[in-house]
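Student: Can you walk me through a structure? I'd like to talk about its surface and a sheet.

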Amino acid sequence: MPVPGGGDLSRLRQLNSLTAIRALREAGSLTLSALAEQAGLSRPSTKKVVDELASLGWVEEVPPSPGTMGRPARRYRFRADSGHLVGVDIGGHNVRAALSDLDGHVLTETRQPVEPGAPLDERLAAIERAVSGCLAASRKTPADLWALAAGSTGVITPDGRIAFSVAVPAWTGLDLAGRLREMFPCEILVENDSRLAALAEFRRGVARDARDVVFLHVGRRMGAGLIIDGKIHRGFGAAAGEVAMLPESRWFDAPEHLNRCAVVPPGTSPEDAASHTLAAARAGDPVALEAVDRYVDDLAVGTAAMVLLLDPQLVVLGGGFSRSADVLLPPLRDRLERRCVRPPEVRASTLGDECVVVGAIDHAVEQVGRRFFTPDAGPLPISR
């Protein structure tokens, strides 16, 4: 983590510095004149701000492109590579980790398989191996991490405890944030995986133009994440969106329509069963199409309830099954049109299986931004 130093900036200089950093992060790199224009400062004031930020390690001059003729104007960029973040997707069958810079640009990813019934310590060890794999691939160490954000199945309390988990029963009651702090010397964030997936679609995916979104996290299990007025909605006790917990929603057992379809070859592993049914439905197999209809019937119950309650602009079909959106979206749209007063637009995720780990990275980026790059954050520290 960065350490304080360099003395306090005056309030005005601090605000000017934050304005310059924001402009550079949005643009990638700017000349001094362009930065002054975007920051609303005079050129001499901008030069002082840039020099100050360079001395703190937050800004650096960009070398001219090879073959550039003459003396080009100096360009500057935010040093997003001065710190690193990790996002982790703790799934029932895999642990996926990604390493990024401070702007959320993913540098490397790793994956570790783990069985749903694996002992708690084995799953935690898989998390450590996945993160260590990312660090090793990028020649970084745990000391280079500023924050680690983890997405997990289950009802997760604001302090990072797993209050309840159906998919991974051994997870229930675990202080996940506390265990992760024992592994990694950085800020630890723990969030429900469906919420992080919703955040990823809102920041980078098909929901970038929407403010109110219902994200359907569909795969071997079912979940939902909510974006309301451009923000993740957690609810009073961080249990918002847990529609699958209501038996009447028919979400808990819905994937079994696909897993147990007669078209699935004998001996197929549970994680691959649904894909056979969806592929057969795409090819027009009547047995598979009937199974898909039963699955979408159940999916539409909980989805319609959320749509009627929240009236979202957009519903996003995400998670593992989103790869078969061509099969699932038409019947889902049809059922929502028949049930909802104002049927929302329904789109397929563009992030697929990456949605949770990408959302975890974005969550970490937001936290680092709040901690260091907001007017109330205090003086900028020295960057390493």
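Predicted model: local features only at pLDDT ≥ 70, side-chain atom pairs only at ≥ 80, totals over all residues.

Student: Which residues gather in a patch of negative charge on the surface?

Tutor: Glu115, Glu122, Glu271 and Asp272. Patch residues have over 30% relative accessible area and no salt bridge; like charges are joined within 9 Å, nonpolar side chains within 5 Å. A salt bridge is a Lys or Arg side-chain nitrogen within 4 Å of an Asp or Glu carboxyl oxygen. Areas use the Shrake-Rupley method with a 1.4 Å probe.

Student: Where does glutamate 122 lie?

Tutor: In helix α4, residues 120–137. Helices are DSSP runs (H or I, at least four residues); strands are E runs of at least two.

Student: Why is glutamate 122 called partly exposed?

Tutor: Because its relative accessible area is 41%. Buried means under 20%, exposed over 50%, partly exposed in between.

Student: Which residues make the nonpolar patch?

Tutor: Phe164, Val166, Met245 and Phe252, over about 380 Å². Phenylalanine 252 sits in the loop between β13 (231–232) and α7 (256–259). It counts as exposed because its relative accessibility is 55%.

Student: New topic. What is the strand order in the open sheet?

Tutor: β1-β3-β2, with antiparallel pairing. β1 (30–31) and β2 (59–62) each have a single partner strand, so one side of each lacks a neighbour in the sheet. Pairing takes at least two DSSP bridges between strands.

Student: How many bridges join β1 and β3?

Tutor: Two, with β3 spanning residues 75–78. Threonine 31 has arginine 75 in β3 as its bridge partner.

Definitions and conventions:
Residues numbered from 1 in each chain as written. Heavy atoms only, no water. Lys, Arg positive; Asp, Glu negative; His and termini not counted. Charge placed at Lys NZ, Arg CZ, Asp CG, Glu CD. Buried < 20%, exposed > 50% of the residue type's maximum accessible area, 1.4 Å probe, protein only.
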